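Dear colleague,

Please find below the structure for your review. My notes on what was found in it follow directly after.

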Amino acid sequence: QGSISVCVFMLRGVMNQTLFSSVFVCGCVALTHWAWRLQRDTTEAQALAARRFRLSELLVRIFGEPLPRDPDSAYCFLQVDANVESVVSAAAKLASRYPGMRLVVVSVENAKLTSPIQGFAGSSLFLRRLSELGIPESRIDLVDFDYEHNSVANTLTESEVVVRHAKDRGYQSMIVAAPSFHLARGVMTMASVAMREYPPFRIFPCPGEPLPWDEE
């Protein structure tokens, strides 16, 4: 009986040690996983902060970049009718400041688009307003939109048409104008297309005229 008691005692000791070892191992695994998650989250947070900082630097440069001394051309991104005056004003000021500059306009007819845009007259309204402000057709490069390969007119399709036209004409620089809410996207899209298709092409941002926010 004494031998049996000793065996039971020893067995309990082994079981307790095994249980302790299991708990210890599980704790180590959990601690290691927590440390890995913490390191990963910290690394991701640092990477996100770095991207946000670079983006903020880019935005400061886009909205603070001085205009060039003698640009070859300018382009105003097409807008829905409610926002067109923003780029009309920008185009008029640029045309006055740079008498020898070409004003590029993509000729878009909303009815010809596979997916027409509501409240968008196409380039016709923009051209009419330029004419009313005294900008002659002789200063305008009217570039056909590629309806066959583009079902919609958007920032990317406009940028592709404009960059290819600039390359064909040998333009080296262009001022790109758009309302403030569209400027960053427009400039970055135009720049990405230029880097891919016409690397020497230089692009300078120009915010459009601010519009009242309280108008309906």
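Tyr-147 counts as partly exposed, at 23% relative accessibility; here buried means under 20% relative accessible area, exposed means over 50%, and partly exposed lies in between, for a 1.4 Å probe and protein chains only. Phe-145, by contrast, is buried, with a relative accessible area of 5%. The rings of these two residues, Phe-145 and Tyr-147, form an edge-to-face pair, because their centres are 5.3 Å apart and their planes stand at 75°. Rings of Phe, Tyr and Trp (its six-membered ring) pair if their centres lie within 6.5 Å; planes under 30 degrees apart are stacked, over 60 edge-to-face, and the rest tilted.

Tyr-198 and Phe-201 make a stacked pair, since their ring centres are 5.3 Å apart with the planes at 15°. Tyr-198 is buried at 9% relative accessibility, and Phe-201 is buried at 6%. The structure holds three aromatic pairs, these two among them.

The model is predicted, so local features need pLDDT of at least 70 and side-chain atom pairs count only at pLDDT 80 or more, whereas totals for chains, interfaces and linings use all residues. Residues are numbered from 1 along each chain as its sequence is written, and side-chain values use heavy atoms, leaving out hydrogens and water.

As to confidence, pLDDT (the predictor's confidence in each residue, from 0 to 100) averages 83 over the protein chain, and 76% of the residues score at least 70.

With kind regards
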